[in-house]
2 protein chains.
Amino acid sequence: MPSMVRSDAHYVALCGGVGGAKLADGLAQVLPADTLRLVVNVGDDFSHLSLGISPDLDTVLYTLAGVAHAAQGWGREAESFAVLDEVKRLGGPDWFLLGDKDIALHLLRLTMMGAGATLTQAMRALAERLGVATPILPVTDDDVRTIIETDGGALPFQTYFVRLRCAPAARGCRFEGAETAQLSHEVLQALDDPALAGVILCPSNPYLSIDPILAVRPLRERLRRLEVPVIAVSPIIGGRAIKGPAAKMMTELGLDPSPAVIADRYADFLDATLIDEEDAALAAVDKRLLVAKTMMHTRQDRAQLARDCLAAIDMITKGASPPIPARDRNVQRTEK
Amino acid sequence: MPSMVRSDAHYVALCGGVGGAKLADGLAQVLPADTLRLVVNVGDDFSHLSLGISPDLDTVLYTLAGVAHAAQGWGREAESFAVLDEVKRLGGPDWFLLGDKDIALHLLRLTMMGAGATLTQAMRALAERLGVATPILPVTDDDVRTIIETDGGALPFQTYFVRLRCAPAARGCRFEGAETAQLSHEVLQALDDPALAGVILCPSNPYLSIDPILAVRPLRERLRRLEVPVIAVSPIIGGRAIKGPAAKMMTELGLDPSPAVIADRYADFLDATLIDEEDAALAAVDKRLLVAKTMMHTRQDRAQLARDCLAAIDMITKGASPPIPARDRNVQRTEK
């Protein structure tokens, strides 16, 4: 662990699927497991073939366990599809891909929850079995379901995202159940932790991954009132999303796909947003933006971006205002 | 279809797993699908990994669909175990073997039943998808659970049968839920069918497969009052069970493992019991016993035994009393 990480500092990271999971993995690499809590979107969750599907939770779990499929952005590596092949042969639905190993995890989770475990408790048990010590916390144990308002009507998330491959033009999102959902005990504990040193919004789709987390009240109010820094890593680089429909949705919603939009969207609680070196020019005119290498190709990239996040939080805590662009900070650290 | 089968005659067959399923397949081969109803034991059913397991129903379905594993007595041929391997790796239970294709069927059934289908309705839909037209009817859509009283205490069926491999000495069986379970609408319809020409007890374990069917009241009373013949095929040949623990249990229960015991056990409603050629000597002294080739090695053997059952019913209907031993009848037919 790099010496710059205070051993008594605890962190919370909010994340969705693939992009967020990569930074979550970086943070898990550089922080002791008992000092990091990942708060994960459940808006994509749905029931399929009687199984409770939690795409973001599982992507985070598989990524931290080192068993995620590197290229496809969901599911596990070295996966087989014998069950799904037979489901299809028997006339069942095969539009949502579930591998055999993935189904094993889903059956165990269903069994745990059938025996009374919360989703949070089931995730903890499964994480243990996959050798992941960092807590992966659903933002809530209640149902929150993302609905995409499109030109073709309101669509459940998976219909929009998987069945229709994000083709319909998005007009907005709403999060069914968020009004009544409660932050889990474990998430409240993480936010109330006196050792909390900062909160990181991972580079996940703001509309589909971060918004549904924030919609579970009073999370956004909590972040506004926090006395420690809250930073984000922009999922937008050079006007495009690294993965998924974020940039397409922004254009459809009449927004310019820019890192500044992320900073604007969360301006009520965000202290700084890390943007990629490619967008460094923006940081010159917008002091809320810090420059870092946010494109993560390797596990080392993830760890480095995690360190940059922690350094940014540390810097903001120490009162640098406006924060020093991360690029300068990186140079300083390199010189040490 | 052989000409001896009356096209307007309907039949009901009661059966459990492997042995019963073979004769059920024979009957399905020689009878039009709309003239045969299979009434199947659900006492072995249990919930495992959140899936509703119905071993006898599925053995019958897979056998009639021609996809049953020929040698092992459960599950499907050409099966893989990727899910179970991962369940084991994740610390889950692996003592009950479920293949990947088998899991696909279980997930579809769970989904159908989650949407409100009865077990009977789900089985019909699954049978259609596997190309099986003969109705495979759970004796009841309610829960009946076989409990084995052993020297080591009362054991749920699967614990006794699979986990402990029938090792504990059996002292008796009871069928939890049978007192309140209702015969399904479809089973009642089959028994009330004016075209009903006879009922066949397939060669299944009397204690573990036939008794729990009969325990669902008022099935046994119905059989007693039936005006058409009820016959059985003995699962005991030469003092041993073809498969499973029937002979061992009979010995433990202080009974002589003999075809006559089967005839005695169901004497209140049984008109005749078909026993194997190997036991032909018994038929000379016990006129309730008819001789046939009850050992089924091939699909042709199954069809032949089915024809022998139908011929025995026909003969009893026509008033032969005591019935002519099947061996004589077989000779007569061969001479035609």
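Of the 336 residues in chain A, 49% count as buried, a residue being buried if 20 or more other C-beta atoms lie within 10 Å of its own, exposed if 12 or fewer, and partly exposed in between, with C-beta atoms placed from the backbone. The structure is a predicted model, in which local features need pLDDT of at least 70 and side-chain atom pairs count only at pLDDT 80 or more, whereas totals for chains, interfaces and linings use all residues. Residues are numbered from 1 along each chain as its sequence is written, while chains are lettered from A and ligands numbered from 1 in the order in which they are written.

Chain A contains 14 helices and 14 strands, where helices (H or I, at least four residues) and strands (E, at least two) are DSSP runs numbered from the N terminus. The radius of gyration of chain A is 19 Å, which agrees with the value near 20 Å that a compact globule of 336 residues would have; this radius is taken over C-alpha atoms, and the globule rule is 2.2 Å times the number of residues to the power 0.38. Along the principal axes, the C-alpha atoms of chain A fill a box of roughly 60 × 40 × 40 Å. Among the contacts in chain A with a separation of 6 or more, 66% are accounted for by residues 24 or more positions apart, a contact requiring that the C-beta atoms of two residues, placed from the backbone, lie within 7 Å. Helix α2 (residues 55-65) of chain A has 10 of its 11 residues buried, so it is largely enclosed by the rest of the structure; D56(A), D58(A) and Y62(A) are among these buried residues. After α2(A) comes G66(A), whose phi is positive, near 75 degrees.

In chain B, an open sheet of 7 strands has the order β5-β2-β1-β9-β10-β13-β14, with parallel pairing, two strands being paired if DSSP finds at least two bridges between them. The edges of this sheet are formed by β5 (136-138) and β14 (289-292) of chain B, each with a single partner strand, so one side of each is left without a neighbour in the sheet. From one strand to the next the twist averages 25 degrees, axes being lines fitted to C-alpha atoms, for helices over the stretch in contact, with angles that run from 0 to 180 degrees between N-to-C directions. Strand β9 (residues 196-201) and strand β10 (residues 230-233) of chain B run parallel and are joined by 3 bridges, and L201(B) stands opposite A232(B) in β10(B). Helix α1 (residues 18-30) of chain B lies across β1 (10-15), β2 (36-40) and β10 of chain B, at about 165 degrees to β1(B).

A further open sheet of chain B consists of 3 strands in the order β7-β6-β8, with antiparallel pairing. Strands β7 (153-156) and β8 (170-176) of chain B stand at its edges with a single partner strand each, so one side of each is left without a neighbour in the sheet. Strand β6 (residues 145-150) of chain B pairs with β8(B) over 6 bridges, with R174(B) as the bridge partner of I147(B) and F175(B) opposite T146(B). The pairing of β6(B) with β7(B) comprises 4 bridges, and the two strands are joined by a hairpin through 2 residues. In a regular strand the side chains alternate between the two faces of the sheet.

Leaving aside neighbours within four places in sequence, the contacts of V39(B) include A13(B), L137(B), V187(B) and I213(B).

Between the chains, 21 residues of chain B are in contact with 22 residues of chain A. Helices α3 (82-89) and α4 (100-114) of chain B each supply at least two residues of the side of chain B that touches chain A, and the largest share, 10 residues, comes from α4(B).
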